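Here is a short report on one model. It covers a ligand site and the packing of some helices.

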Amino acid sequence: MKVLVATDKPFAPVAVKGIREVIEGAGFGFELLEKYSEKNKLIKAVAKADAVIIRSDIIDRQVLEAAANLKIVVRAGAGYDNVDLEAASEKGICVMNTPGQNSNAVAELALGMMVYAMRNMFNGTSGAELKGKVLGIHAYGNVGRCVARIAKGFGMEVYAYDPYCRADLFENDGVKVFCRLEDLYEKCQIVSLHIPATDETRKCINAELLGRMPKNAILVNTARKEVIDETSLMMLMENRGDFKYITDIMPAADAKFAEKFPGRYFSTPKKMGAQTAEANINAGIAAAKQIVGFFKEDNQTFRVNP
Ligand code: 3PG
């Protein structure tokens with residue numbers, strides 16, 4: 001049994017070591033492909049793999065077709081919009097994610113980005129504090145819940161919107177909930193996005209929604225770039241000199257945003273929300289254990305495709 005770890009953006013070495021121990025400890029073979037940059041290298045590497053652990057690596061139909069022995073793909077992380085689920089199901093390949101394992105890392109970055117924006121991107125001028133500010137969490141999954149916990153530590157007033165979330169979760173966390181998305185944006189000076197990229201959410205964040213935010217609005221995106229309507233956001237920022245956009249997922253029009261909105265726009269050069277040793281260890285080792293469980297006990301708990 002051959003398990004390939006294919007990560008263009010590598011895990012911390014300590015996480016790779018842990019993954020290897022789990023895989024080899026189960027009697028399986030371990031192979032590592034990092035920073036491969038060219039798709040051909042991935043295609044070549046998957047050819048003999050029975051299982052593959054990935055991050056945001058693109059597993060499309062072409063990659064799956066090249067993987068004759070592949071039985072399982074585990075996305076070490078939350079979002080699986082990078083995997084062609086339909087093609088995987090057609091080929092009888094199981095796809096899993098590792099929900100919750102990297103959430104704290106992403107949430108810490110979201111709060112860090114809020115501080116960065118409130119302190120005028122550390123430019124030395126007088127900024128503002130998070131204490132007492134109103135935060136809106138758009139989608140209350142694992143990351144959203146971690147954001148709420150940390151934001152409360154800062155003394156923020158926390159609201160959330162998530163029609164898919166059980167009402168008692170908000171109540172237990174002391175988070176106020178809105179049933180209408182528009183209300184969240186109207187109430188909150190800072191909004192943190194935690195929605196996945198799906199057909200339902202693509203380009204759903206637009207000027208109509210963002211224009212409702214109060215003065216000195218800050219939008220923090222540690223989710224996906226696909227959920228933003230970039231043209232519409234740019235138009236809004238042109239009309240509202242008080243609006244800041246801070247993102248961990250570089251927009252297609254990054255250079256234009258940077259040129260047009262100095263001091264109001266920031267993007268990390270590479271998505272780094274889950275780039276901590278802890279998140280890499282948690283998600284990577286969970287992925288390795290899920291593969292062992294799948295082959296040894298037919299455990300398919302975190303399967304995401306039909
Ligand atoms: C996720 O979906 O788990 C996060 O976006 C992290 O993605 P990454 O593993 O590519 O950093």
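## Ligand site

A polar side-chain atom of Lys271 sits 2.7 Å from an oxygen atom of the ligand. Ser56 also places a polar side-chain atom 2.4 Å from a ligand oxygen. For Asn102, a side-chain N or O atom is 2.9 Å from an oxygen atom of the ligand. A polar contact is a pair of N or O atoms within 3.5 Å.

Residues surrounding the ligand include Lys9, Arg55, Arg75, Gly77 and Arg224. Here, a residue counts as near if one of its heavy atoms lies within 4 Å.

## About the model

This is a predicted model: local features need pLDDT of at least 70, side-chain atom pairs count only at pLDDT 80 or more, and totals for chains, interfaces and linings use all residues. Residues are numbered from 1 along each chain as its sequence is written, and side-chain values use heavy atoms, with hydrogens and water left out.

## Helices H1 and H12

The axes of H1 (residues 13-25) and H12 (residues 277-297) come within 8 Å and cross at roughly 15°. That makes H1 roughly parallel to H12 (angles under 35 degrees count as roughly parallel). The crossing is right-handed.

Contact means heavy atoms within 4.5 Å. Val14, Gly18 and Val22 are among the H1 residues that take part, and Ile281, Gly284 and Lys289 are among those in H12. By class, this contact of H1 with H12 has 10 nonpolar, three polar and one charged residues.

## Helices H5 and H6

The axes of H5 (residues 103-118) and H6 (residues 142-153) also come within 8 Å, and cross at roughly 50°. That makes H5 oblique to H6. H5 passes H6 in a right-handed crossing.

Conventions. Axes are lines fitted to C-alpha atoms, for helices over the stretch in contact, and angles run from 0 to 180 degrees between N-to-C directions. Helices (H or I, at least four residues) and strands (E, at least two) are DSSP runs, numbered from the N terminus. Angles under 35 degrees count as roughly parallel, over 145 as roughly antiparallel, 65 to 115 as roughly perpendicular and the rest as oblique. A crossing is left-handed if the near helix is turned anticlockwise from the far one by less than a right angle, and right-handed if clockwise. Ala, Val, Leu, Ile, Met, Phe, Trp, Tyr, Cys and Pro count as nonpolar, Asp, Glu, Lys and Arg as charged, and the others, Gly among them, as polar. A polar contact is a pair of N or O atoms within 3.5 Å; within protein, one must be able to donate a hydrogen and the other to accept it, and residues adjacent in sequence count only if both atoms are side-chain atoms.
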